[in-house]
Amino acid sequence: MVETFRSDRTFTVWQYTVAHHQRVLLRSSRPTVSDARIDLHVGGVSGMLLRPSYQGLVIRAGTAEERDHVVSVLGPEVFGRGELLHVIGEERMTGFIAGGPLQCRETYVDDDAPSGFLPMPETA
């Protein structure tokens with residue numbers, strides 16, 4: 001198991017867009033002004049299964065068996081462009097994102113400030 005991210009903080013699916021290469025943004029707000037806001041971004045999303053929020057978050061590279069499971073549910077095209085499988089859950093899959101690399105950014109800005117990743121269109 002190759003762990004790529006771990007935090008005890010609460011993360012929310014902050015934004016998802018099908019424009020600009022299907023991107024998803026998960027965010028952990030700043031618990032106090034001395035804490036950083038944490039943004040997690042994946043571009044090129046071809047499939048995902050996410051809860052609205054997570055109390056504590058572990059993201060790791062998917063195993064061959066987990067990849068096969070995702071293909072059995074969504075079909076082989078989910079990995080048609082070489083997408084990576086980012087699995088949520090330490091011991092078992094509780095969600096996933098199939099897409100480009102996982103990117104992490106910590107900043108000391110308000111929740112409504114842009115993430116610093118490519119701009120995402122406003123939601124209605």
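Helices (H or I, at least four residues) and strands (E, at least two) are DSSP runs that are numbered from the N terminus. By that definition, Val 87 has its place in strand E6 (residues 84-88). The model is predicted, so local features need pLDDT of at least 70 and side-chain atom pairs count only at pLDDT 80 or more, whereas totals for chains, interfaces and linings use all residues. Residues are numbered from 1 along each chain as its sequence is written, and side-chain values use heavy atoms, with hydrogens and water left out.

Val 87 counts as buried because its relative accessibility is 0%; buried means under 20% relative accessible area, exposed means over 50%, and partly exposed lies in between (1.4 Å probe, protein chains only). The C-alpha atoms of Val 87 and Leu 57 are separated by 10 Å, although these residues stand 30 residues apart along the chain.

Strand E3 (residues 37-42) is mostly covered, with six of its six residues buried. In a regular strand the side chains alternate between the two faces of the sheet. From E3, Arg 37, Asp 39 and His 41 point one way, while Ile 38, Leu 40 and Val 42 point the other way.

| Strand paired with E3 | Sense | Bridges | A bridge pair |
|---|---|---|---|
| E8 (residues 102-107) | antiparallel | six bridges | Gln 103 with His 41 |

Turning to aromatic rings, a search of the whole structure finds one aromatic pair. The rings of Phe 5 and Phe 11 have their centres 5.6 Å apart and their planes at 90°, so this pair is edge-to-face; rings of Phe, Tyr and Trp (its six-membered ring) pair if their centres lie within 6.5 Å, and planes under 30 degrees apart count as stacked, over 60 as edge-to-face and the rest as tilted. Both Phe 5 and Phe 11 are buried.

Another ring contact involves Arg 67, which lies over the face of Phe 79 at 3.8 Å from the ring centre; for Arg, this requires CZ within 6 Å of the ring centre and within 35 degrees of the ring normal.

On the surface, Tyr 16, Val 18 and Met 48 form a nonpolar patch with about 260 Å² of accessible area together, an area that comes from the Shrake-Rupley method with a 1.4 Å probe. Such a patch joins nonpolar side chains within 5 Å, taken from residues with over 30% relative accessible area and no salt bridge. Tyr 16 lies in strand E1 (residues 3-17) and is partly exposed, with a relative accessible area of 34%.

How values were computed. Patches are made of residues with over 30% relative accessible area and no salt bridge: like charges are joined within 9 Å, nonpolar side chains (Val, Leu, Ile, Met, Phe, Trp, Tyr) within 5 Å. A salt bridge is a side-chain nitrogen of Lys or Arg within 4 Å of a carboxyl oxygen of Asp or Glu. Two strands pair if DSSP finds at least two bridges between them.
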